[in-house]
Amino acid sequence: MDKMPNMDYDADEVIENFKSKFKWPKSDEVDVVVKPPGLALKLLVTSVLTVIAAGVLYYSMFPALNFKSSEIYMFVMAIIACFVAIFALLIGARTKIERKEYVKKKSIIPLIMIGVILLVMIVGWLVGATLFRAKSYSNLMKVENSNFTEDFESVNYDEVPRLDAATAKVLADQQLGYLDKYKSQYIVTANSTQINYKGRPVRVAYLEYASILKWFNNTKEGLPAYMLIDLVSQKVEVVNCVEKFGEGMKYSPTEHFNELLLRHLRFQYPTAILDTPNFEVDDNAHPYWITPVLDKTIGLFGGTDVKGVIVTDALKGGSNYYAIDKVRSDKALNWIDVVYNENLIIQQYNYHGKLSNGFWNSIFFQNDVNIASSGSGNIALDDDVWVYTGVTSIESDSSNFGFILCNQRTKETRYYKNGGATEVSAMESAQDAVQNYQYQATFPILLDIEGQPTYFMSFFGEKYTIKGYALVNLADKTIVGRGVYDEEGSDIKALNAAVENYINAMKDKNIVGKNADADDYKADENAEAQQESAAGSKAEAKSETVEGAITDIKTSVNDGNTVYYLQVDGKYYYIKVTDCMDVLLMNKGDKVKVTYEKESKDSFIPALKIEKK
């Protein structure tokens, strides 16, 4: 019988033996770097795939092909990284150590290229740093002293904006809620633009698709309308582009692919450094996108300023570029209101206020150092829109020692040496005057009342609806005049009560003479009723009527108002109960006469009047 083999083995020793024969070498144990086979073909394939990746990357990033844009440097570094990664995958660097070492050796040149790009960026940033170029930064904005009383003489108390961006959006949202064909598909953008439209301060707000599915459903026709919010009358007009111009807005920030506005502009102007586009309309209500084109005037990336604008037709997408000097001087372009955005204006003023006496002075001595106070507002002046903000010390005191106005079209900047309460503290004083109502105040606007710089602001409630007005003295924030709807009964009466209470408060403190008359500033309380009556007569003159039996009745509650929808002759006509109490008594089968505007073509038509036959 054969002998049994010796089974006296150490299992751990056997396993270690086995592992040693198949052990993967460490990178420092590989002395020979092996050239991969088919290298030329792999390099060609890598190049082709990198070009494809670069195209996809460019389409998604759409950087400006401009050496003053940091995006182009990031784009180039990303392409280099793509090339190395694709090459490593193709030669099998993940599975073969010698191929991995080959990639490491050959990656020296790409790494050097990335290092050079980073060095250029660092040097470019350093030569434009405020530490070395403080004087250049302080000169980005030219500031001229001006006289408050002279400049504000033409600002009428009853024609200043009573809404800010937030309250204007709420009104636009409410108006959209009345329109069944829009409200399920679109939402109102939060990025509205304040402009002067036919001599009136308004905000224009475009629509956005409510979701990606709504975009798929509607993008072919584009955005059908935009909102025009009158900041004085607080009325919202829905401008139907399809009815007015024959087509919707095909290009906007809410689109995708080639219709995305900034991508569309990038393909038209590949080297332009683009700022955020502003939505505006001309005097014919035609919608446009106004996109500032930026320049870096200090070093490689510093000293941001506007060198021109691109005006883009929101309907068709055609664009024209205008140099900033032409925008400032050409009267045909005066309808453009916003070229310099508020953030850039505040940034440039802060450079001016902090760095006029040098960088180190702004850090240590802080002689004559000042900055813009927190928050800013807009004023319509000289048929332009101006940014207003207070000027305070760098320590952010609770008081301002002046304020500035900056024209958003021309960047003309005026400084006024009128010191007093900051905007925030003035808002707090106004809110204290109505603390029993717990109303909030909008950001204030400056007015001239009896030669006194005066903060004007509106009160709003929980639903952002305007509830009244307040006036607060700039020099003495304890002088407050307020008027609220709940006490006065109407918008105009609340406005007039605020100015009367304010002037009486100034008389009590001997700020103004006893002959100061509030009637000089009050709005005509009959003008609003007359205006509405005239508008109603004008609408009725352009109206049509339809008679027939009511075949269906629907109701809804919009912002506390009950609205009745009566179907007559196949179409729904709607009217608020407060405008026609008779609708409460109408039933299916009743014969009615409906008066509506001729231009109305929608499925849901606003009625001017509904009478039972």
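In this predicted model, helix 4 (residues 97–106) has a set of buried residues, namely Ile-97, Arg-99, Glu-101, Tyr-102 and Val-103. The elements that cover these buried residues include helix 2 (39–61) and helix 3 (70–90). A residue counts as buried when its relative accessible area is under 20%.

The two covering helices also pack against each other. Two packed helices are described by the angle between their axes and the distance between the axes. For helix 2 and helix 3, the angle is about 145° and the axes lie 9 Å apart. The crossing of helix 2 past helix 3 is right-handed. Sorted by class, the residues of this contact are 17 nonpolar, three polar and two charged.

The largest nonpolar core contains 96 residues, and Phe-152, Tyr-157, Met-227, Met-249, Tyr-455 and Met-457 have the most contacts inside it. Helix 18 (residues 491–508) is the greatest contributor to this core, supplying nine residues.

Attention may now turn to the strands. Why is strand 13 (residues 377–381) described as largely enclosed by the rest of the structure? The reason is that four of its five residues are buried. Strand 13 runs antiparallel to strand 14 (residues 384–393), and five bridges join the two. In one of these pairings, Gly-377 has Tyr-388 of strand 14 as its bridge partner. The two strands form a hairpin with two residues between them, and in this hairpin Asp-382 adopts a positive phi near 55°.

Note on methods:
Residues are numbered from 1 along each chain as its sequence is written. This is a predicted model: local features need pLDDT of at least 70, side-chain atom pairs count only at pLDDT 80 or more; totals for chains, interfaces and linings use all residues. Side-chain values use heavy atoms; hydrogens and water are left out. Buried means under 20% relative accessible area, exposed over 50%, partly exposed in between (1.4 Å probe, protein chains only). Two strands pair if DSSP finds at least two bridges between them. Contact means heavy atoms within 4.5 Å. A nonpolar core is a set of buried Ala, Val, Leu, Ile, Met, Phe, Trp, Tyr and Cys residues joined through side-chain atoms within 4.5 Å. Axes are lines fitted to C-alpha atoms, for helices over the stretch in contact, and angles run from 0 to 180 degrees between N-to-C directions. A crossing is left-handed if the near helix is turned anticlockwise from the far one by less than a right angle, and right-handed if clockwise. Ala, Val, Leu, Ile, Met, Phe, Trp, Tyr, Cys and Pro count as nonpolar, Asp, Glu, Lys and Arg as charged, and the others, Gly among them, as polar.
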